[in-house]
Amino acid sequence: MSNKSHNPTSQLSWIQQLALLEQQGEECILVSVLEDKGSVPRDAGTKMIVTRKELYATIGGGHLEHLATQMAREMLMKIGNGQTDNKIHIERFNLGARLGQCCGGMATLSFEPIGFNQHHLVLFGAGHVAKALVNIVQTLPFKITWIDEREAEFPEHLAPNVNKVLSDDPVGEIKHLPANSYYLVMTHNHQLDFDLAREILTQDRFCYFGMIGSQTKRKKFDLRLAHRGFEPAMIDQMQCPIGIAMVKGKHPAEIAVSVAGELIAHYQGQELEQKRPLKHNQLAG
């Protein structure tokens with residue numbers, strides 16, 4: 001594991017690095033020395049940034065920094081999995097035998113989660129509408145995981161908050177993705193769309209799930225999902241067709257604006273319009 005905090009060639013201050021991570025849409029924990037008493041490695045005000053894989057700046061090294069880094073990464077994991085909230089945590093450390101340090105002082109550290117106001121969008125498919133959508137959503141508070149089997153379909157340059165995933169098994173990627181993500185299915189293959197829908201609903205860890213398609217596609221998928229044992233309440237969580245109804249048009253950019261509007265409405269807490277053509281009991285007849 002690399003440790004950029006100890007790289008003498010790094011020219012970024014902690015605040016510059018924090019701004020860069022924010023631009024990239026990467027969550028981190030800002031560790032700050034709030035109070036120092038006696039002999040401590042660093043004075044109050046010293047800061048360190050911990051991400052899932054990297055460490056920037058330092059609060060003095062040694063066991064205190066090692067323990068603080070471990071605690072910060074545990075926070076990142078728990079917040080990402082929805083196991084705890086993203087509030088600031090404060091911890092006091094006696095720098096004695098427990099930490100294997102002989103300073104004899106005391107340090108109070110704060111652990112501040114940064115970047116968790118962003119939403120995570122998982123986008124399957126890299127066709128024309130998906131490309132147009134990414135151009136919009138990358139300017140919103142989203143971190144985007146963009147998945148497709150075809151490398152040639154991805155643009156050459158991507159924004160820092162867009163992570164390209166080239167995968168021969170898009171369905172298999174779902175179980176590795178963070179809980180409470182937004183999912184949009186826009187692939188070139190109807191069977192793949194169905195397989196993705198089935199897995200997304202099976203995992204049941206999403207906060208929004210939309211699929212591009214017509215009312216006819218919706219009706220067919222509803223029947224297929226029902227035949228595979230999915231309850232109507234679960235199937236109803238899938239948005240299809242997607243987008244705001246009042247935004248008309250078939251141009252990729254028009255569709256993208258409509259879908260982006262639906263995503264914005266969702267994270268702003270607005271109730272989404274129901275687009276189901278028929279109720280399940282009607283479909284059964």
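Modeller: Let us begin with burial: a residue is buried under 20% relative accessible area, exposed over 50%, and partly exposed in between, using a 1.4 Å probe and protein chains only. In the protein chain, 44% of the 285 residues are buried. This is a predicted model, in which local features need pLDDT of at least 70 and side-chain atom pairs count only at pLDDT 80 or more, while totals for chains, interfaces and linings use all residues. Residues are numbered from 1 along each chain as its sequence is written, and side-chain values use heavy atoms, with hydrogens and water left out.

Colleague: How many helices and strands does the protein chain have?

Modeller: Helices (H or I, at least four residues) and strands (E, at least two) are DSSP runs, numbered from the N terminus. The protein chain has nine helices and eleven strands.

Colleague: And what share of the contacts with a separation of 6 or more joins residues 24 or more positions apart?

Modeller: Contact means heavy atoms within 4.5 Å. Among the contacts in the protein chain with a separation of 6 or more, 59% are between residues 24 or more positions apart.

Colleague: What about Ile90: buried or exposed?

Modeller: Ile90 is exposed, with a relative accessible area of 52%. Ile90 sits in strand β4, residues 89–94. Setting aside neighbours within four places in sequence, Ile90 is in contact with Leu34, Thr108, Leu109 and Ser110. The C-alpha atoms of Ile90 and Ser110 are 4.4 Å apart, although 20 residues separate the two along the chain.

Colleague: Now helix pairs. At what angle do the axes of α3 and α8 cross?

Modeller: Axes are lines fitted to C-alpha atoms, for helices over the stretch in contact, and angles run from 0 to 180 degrees between N-to-C directions. The axes of α3 (residues 128–137) and α8 (residues 252–267) cross at roughly 50° and come within 8 Å. Angles under 35 degrees count as roughly parallel, over 145 as roughly antiparallel, 65 to 115 as roughly perpendicular and the rest as oblique. α3 and α8 are therefore oblique to each other.

Colleague: Which residues of α3 and α8 meet?

Modeller: On the α3 side they are His128, Val129, Ala132, Leu133, Ile136 and Val137, and on the α8 side Pro252, Ala253, Ile255, Ala256, Val257, Val259, Ala260 and Leu263. For classes, Ala, Val, Leu, Ile, Met, Phe, Trp, Tyr, Cys and Pro count as nonpolar, Asp, Glu, Lys and Arg as charged, and the others, Gly among them, as polar. This contact of α3 with α8 has 13 nonpolar, one polar and no charged residues.

Colleague: How do α5 and α6 cross?

Modeller: The axes of α5 (residues 190–203) and α6 (residues 215–227) come within 11 Å and cross at roughly 50°. The contact is made by His190, Gln191, Asp193, Phe194, Arg198 and Leu201 of α5 with Lys217, Phe221, Arg224 and Leu225 of α6. By class, the contact of α5 with α6 has four nonpolar, two polar and four charged residues.

Colleague: How many aromatic pairs are there?

Modeller: Rings of Phe, Tyr and Trp (its six-membered ring) pair if their centres lie within 6.5 Å; planes under 30 degrees apart count as stacked, over 60 as edge-to-face and the rest as tilted. The count comes to seven aromatic pairs. One of them is Phe142 with Tyr182, edge-to-face at 5.3 Å centre to centre and 85° between the planes. Phe142 lies in strand β7 (residues 142–148) and Tyr182 in strand β9 (residues 181–185), so the pair ties together parts 40 residues apart in sequence. Both Phe142 and Tyr182 are buried. Phe142, Tyr182, Tyr208 and Tyr267 form one aromatic cluster.

Colleague: Last one: where is the cis peptide bond with Pro241?

Modeller: That bond runs from Cys240 to Pro241, with omega near 0°. Pro241 is in the loop between β11 (238–239) and α8.
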